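Good morning, colleagues. Please keep the structure in view as I speak.

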Amino acid sequence: MLEIEIDGKTLTVPGGSTVMDAANSVGVHIPHFCYHKKLSIAANCRMCLVQVEKAPKPLPACATPVTDGMKVYTHSDMAVKAQKGVMEFLLINHPLDCPICDQGGECNLQDLAVGYGQSGSRYQEEKRVVVNKDLGPLVSTDMTRCIHCSRCVRFTEEIAGFQELGMGGRGEFTEVLPFIGKTVNSEISGNIIDLCPVGALTSKPFRYSARTWELSRRKSVAAHDGLGSNLVVQVKDHKIKRVLPLENEAINECWLSDRDRFSYEALNSDERLTKPLIKQGGVWQEADWQTALEYVANGLKSVVADHGADSVAGVANQAATLEELFLFKKLLAGVGVHNVESRLRVTDPVATKGVQWLGQSIADLAQNNAVLVVGSTLRKDQPLIAQRLRQGVKRGLALSIVNSHGDDLLTKLAGEVVTRPDQLVEGVLAVLKAAVELKGATAPANIDLVGVEVTAAAKQVAESLIGKESTSVLLGNLAMQNARASELYAATAALAEVVGAKLGVLSDAANSVGAQLLGFQGAGNVFAQPKKAYVLLNAEADFDTANGAEAVAALEKAEMVVVMSPFQSCAFDYADVILPVSPFSETSGTFVNMEGLPQSFNGVVRPLGETRPAWKVFRVLGNLLGLENFHYNSSEEIRDEILAAGIDGKLDNAPAAAVTVKAQAASGLVRLAEVPAYQVDAITRRATSLQATADAQVAGQLRANAATLASLGVAAGDQVRVSQGGEALLVAVEDKKLADQVLRVPLASPATRNLGAGVITVTKA
Amino acid sequence: MTVYVKGVVFEGVDFDDPNSWKLDAYVKRGGYAALKKIIENKITQDEIIAEMKASSLRGRGGAGFPTGLKWSFMPRSFPGQKYLVCNTDEGEPGTFKDLDIMVNNPHALIEGMIIGGYAMGITVGYNYIHGEVFEAYERFEEALEEARAAGFLGDKILGSDFCFQLHGHHGYGAYICGEETALLESLEGKKGQPRFKPPFPASYGLYGKPTTINNTETFASVPYIIREGGQKFLELGKPNNGGTKLFSVSGHVNRPGNYEVPLGLPFSELLEMCGGMRDGKKLKAVIPGGSSAPVLPADIMMQCTMDYDSIAKAGSMLGSGAVIVMDESVCMVKALERLSYFYHEESCGQCTPCREGTGWLYRVVHRIEHGLGRPEDLDLLLSVGGNIAGRTICALGDAAVMPVQGMLKHFRAEFEHHIQHKSCLVPGF
């Protein structure tokens with residue numbers, strides 16, 4: 001520990017601290033622009049110059065290490081003169097366009113200019129003008145305002161993993177630019193807007209739509225992945241104008257994925273439903289809630305009476321809140337229905353002793369010495385988990401993957417095994433066998449390693465996991481949604497056991513853990529054998545299921561389909577009643593994230609039109625059906641009832657039974673069906689700016705390696721007709737890091753909604 | 001024209017012989033004897049560094065830091081790779097000495113670097129050569145081949161266990177890459193921008209490894225010091241200013257060129273060697289150490305001796321030894337405009353005061369030169385300069401300000417005349 005005096009206050013700080021760290025720890029504010037606690041030190045803005053005793057010149061607080069006995073003066077004449085000098089330089093070429101700048105009112109330069117600037121300028125020469133850059137549909141630029149702090153450049157390189165922005169030019173002509181003709185395509189690119197201390201980088205969807213001081217700030221929780229990022233939702237006139245991260249070091253740190261930041265656009269979209277709708281004589285009619293709910297109650301009762309309780313199924317998206325799912329299940333149980341399912345994209349459900357979760361806290365994840373990720377499009381499915389692991393790798397974490405594609409994680413990998421999707425099990429078995437051989441251990445009895453070939457790549461992965469103090473093996477969406485998920489899980493669990501790793505599951509949706517806690521599952525694929533009646537909560541059958549064509553066909557045959565959703569959709573074709581229910585932004589509720597943490601939130605805006613929170617809809621339905629214990633006054637009351645027994649004891653990733661695993665051979669064309677980043681749920685799919693990004697384009701693509709494309713007689717760029725049950729028209733794109741004969745054809749995409757399961761063929765269109 | 005007077009760096013070089021730079025000629029005039037002496041007599045690293053300290057050799061790149069001391073900073077027991085780097089990114093206006101060394105006596109540099117590598121336990125060296133010189137780069141590569149073929153360079157040098165690999169690296173011509181940490185960035189393949197110090201290169205240098213960086217002339221002086229002894233080198237100059245120094249004399253003299261003379265030589269004698277003032281005109285001012293050094297008027301300069309201490313006492317610096325001589329026909333406003341333009345053009349743009357301030361300085365001087373000056377401009381220049389100097393990541397900010405301060409200190413009247421009369425005090429401008 002070192003002793004330091006700052007403005008007369010004596011304190012002790014750990015060795016290696018900077019003057020800035022020390023000042024922050026005692027609440028002394030030193031003005032700064034380029035310094036950011038999560039980024040490397042650049043010391044280029046020079047705003048944090050302070051006086052240090054015995055130093056002849058003022059020193060930058062951000063980059064000056066504390067030495068024992070150091071005396072620092074942050075507001076002495078020397079310090080303030082230096083700070084004011086820097087402020088003058090920053091302002092001479094900065095445009096005086098605050099009245100039309102989106103950053104106005106929340107601008108670091110504006111704020112600090114109040115304290116360190118002059119009322120007039122001594123600079124009488126011409127000001128600099130810088131050409132704007134096209135960074136894509138999310139980030140708007142006004143580069144003349146740039147003060148060259150390089151935070152955005154350092155973010156793309158250090159946090160996002162790939163330097164999509166750089167400093168071009170020299171001297172006065174220095175400017176921030178992307179690669180020529182390229183945009184910024186990172187899945188976490190929106191953070192550069194928050195980082196920019198001036199109005200050079202602002203939000204494109206938000207541009208000119210409100211001033212910061214007009215906005216109310218309301219806390220919420222992100223709804224599009226299992227992380228549960230904390231949000232500040234900014235609202236004006238009962239409309240969401242902007243979403244920013246709420247700092248929570250244990251979950252999202254100070255970052256937010258683009259999906260969580262920009263999906264709000266859908267919440268204000270024209271596709272929102274505002275009134276309950278009933279189909280009468282084939283025509284959709286608006287109805288009042290009373291009529292619609294009575295229709296639903298009576299319909300449910302009569303289907304159960306006519307066909308039995310097994311003829312009804314309740315289907316929910318895992319992004320529904322804990323309270324909604326709880327009442328949904330309770331309501332159906334009240335009429336005797338127990339067919340409920342939320343794992344809609346899972347074809348081979350994995351049985352575990354308890355609720356599947358991360359197996360550790362999010363914060364602990366990157367503290368592991370080694371992590372193996374099995375079956376995940378990690379950067380797109382879990383953008384901030386990928387970011388955390390990237391930071392872990394910098395500290396020495398050995399990250400390896402067994403996956404069905406070789407998408408670049410933008411970090412150093414200790415090992416990489418890429419297989420066909422139907423050979424992912426064999427990929428894990430190869431690593432397991434290598435680990436067994438390396439450790440001289442034996443594999444569990446249910447795993448047959450005979451005939452498994454240990455490749456060099458598998459051995460490398462195994463080596464990275466062995467002999468480490470703390471390791472984890474995680475399963476992602478591509479693993480849990482794999483056709484052989486049970487075997488894959490068993491093999492991965494065995495691997496974790498052999499190498500002494502924690503086993504974890506990267507939750508797919510915002511409330512996957514909550515849905516399991518409530519047991520909102522077990523019915524399996526309720527569309528395979530059509531039911532007489534379905535109730536769908538926030539689930540769009542054509543996109544949110546593993547086999548959309550099959551689901552839609554089953555719904556079309558049903559006698560009664562109740563759809564509860566905030567949005568218009570193809571439910572008009574198959575539903576009988578459509579109830580407009582609140583998205584997460586318009587209801588109070590709770591999500592349980594992948595580490596088992598329940599996070600409750602309030603509605604940030606009032607429900608649109610006659611939209612109602614789903615938990616209230618279920619409560620009224622319960623009352624209409626005369627069910628007991630449906631008199632809840634608040635969502636908190638429901639939550640407290642659910643969580644009374646606690647969560648921790650229910651989390652357990654251990655396999656429920658020993659599934660037999662044996663290596664199989666596979667050949668021929670195989671589909672790698674994954675959900676594109678911006679097709680995950682009904683909200684994301686309607687977020688217009690996200691749909692314009694480069695990442696969104698994969699929804700219309702068939703990706704395969706060059707050899708596979710050649711064998712199909714297709715060239716990259718060609719339009720192709722894909723047949724699998726139905727047909728889809730896609731554009732062929734080369735993906736170098738796929739195994740032979742693998743066709744990466746998206747799920748949950750408008751282009752592929754007619755595709756089903758089974759044999760897949762491709763022809764040039 | 002290079003004039004060798006009492007030489008160390010150019011000892012025995014025959015500038016009229018096109019083969020004088022070659023290995024044979026170099027060995028004939030005593031080259032690689034120092035290296036042989038070290039290998040054969042198993043001279044220790046400590047003994048070499050002690051000899052360097054005794055020589056009082058100061059860095060010839062401009063800062064004048066004692067070389068022996070710098071070498072002693074290198075953590076010799078560091079377990080990983082360490083690097084030795086030669087800074088031949090000679091870009092300071094007025095300086096052209098390293099170019100001559102590279103062309104006329106490259107083996108002195110190579111031998112000096114090998115000895116440096118030996119003394120500090122370094123096995124890999126790079127010579128970063130300014131991007132705008134081609135002959136020097138090609139000559140250096142040829143000389144490296146010769147040295148490798150003769151067993152002076154590479155694996156198991158002269159049959160010993162000592163290995164040293166040396167590579168030439170051709171830069172792209174940015175002035176800022178002469179700043180040692182910007183040079184390292186550039187050498188790593190990145191944009192040449194200075195790093196914040198600390199950490200210094202001795203602990204965190206090339207690729208993050210301990211690195212020692214010296215100027216070309218510094219390295220080229222090493223063989224002499226090892227061969228003849230530090231004391232003898234010191235005695236060539238004067239105390240604290242050991243040895244000889246190359247002065248690149250340019251401007252209004254009859255014989256501009258490189259002059260290798262003992263440190264401590266009176267300026268008047270150096271001027272005489274150069275054949276005196278051109279066309280018999282009167283000496284007006286001298287920039288004694290490259291464009292960054294404050295200008296000194298004739299009367300002060302004629303009292304100076306050419307060494308670090310004397311020039312510093314007079315309020316300027318010896319710097320890289322570029323002596324820019326100006327006669328009475330020079331307009332100081334025009335001269336400053338040109339100098340300020342250079343720093344505005346060469347600022348890397350990384351840190352605020354230099355990026356924004358150098359352009360401001362240039363624009364104000366430009367206005368004054370073009371008859372658009374205002375009475376408050378001179379104080380503005382000093383004030384803006386004061387906000388740059390000492391506030392930047394590297395010394396380029398200070399270098400941009402010193403000419404302004406020097407000019408206004410000694411020639412303020414000329415600037416005032418420009419502002420007042422919108423014309424020049426010097427006839428013909």
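By a cavity I mean a set of grid points where a 1.4 Å probe fits but cannot get out. The volume I quote for one is the space filled by probe spheres set on its points. Please bear in mind that this is a predicted model.

With that term in place, the second largest cavity holds about 200 Å³ of space. Its lining comprises 19 residues, and those closest to its centre are Ala319(A), Asn538(A), Pro566(A), Pro583(A) and Ile683(A). Sorted by class, this lining has ten nonpolar, six polar and three charged residues.

How many cavities of 30 Å³ or more does the structure hold? The count is 13. In the largest cavity there is about 400 Å³ of space. It is lined by 26 residues, with Gln318(A), Val346(A), Gln481(A), Asp508(A) and Ser512(A) closest to its centre. The division by class is eleven nonpolar, ten polar and five charged.

I turn now to an open space. The second largest pocket has a volume of about 1,200 Å³. Of the 36 residues that line this pocket, the ones nearest its centre are Glu157(A), Glu185(B), Lys190(B), Gln193(B) and Gln350(B). On the chain A side, helix 4 (151-159), strand 7 and strand 8 (175-178) each supply at least two lining residues. The lining as a whole has 15 nonpolar, twelve polar and nine charged residues.

Finally, the interface of chain A and chain B. Chain A brings 36 residues to the contact and chain B brings 33. About 2,800 Å² is buried between the two chains, and carbon and sulfur atoms give 52% of that area. Between these chains, 17 residue pairs are in polar contact.

Which elements of chain A give two or more residues to the side that touches chain B? They are helix 2 (77-92) and strand 7 (165-168). Helix 2 gives the most, with eight residues. By class, this side of chain A has 17 nonpolar, ten polar and nine charged residues.

Four salt bridges are found across the interface. In one salt bridge, the side chain of Glu125(A) meets that of Arg367(B), with 3.0 Å from N to O.

Conventions: Residues numbered from 1 in each chain as written. Chains lettered and ligands numbered in written order. Predicted model: local features only at pLDDT ≥ 70, side-chain atom pairs only at ≥ 80, totals over all residues. Heavy atoms only, no water. Contact = heavy atoms within 4.5 Å. Buried area = accessible area lost by both parts, 1.4 Å probe. Polar contact = N/O pair within 3.5 Å; in protein donor to acceptor, adjacent residues only side chain to side chain. Helix = DSSP H or I, 4+ residues; strand = E, 2+ residues; numbered from the N terminus. Nonpolar A, V, L, I, M, F, W, Y, C, P; charged D, E, K, R; others polar. 1 Å grid on protein atoms, 1.4 Å probe; cavity = no way out; pocket = protein on both sides within 12 Å on 5 of 7 lines; lining within 4 Å.
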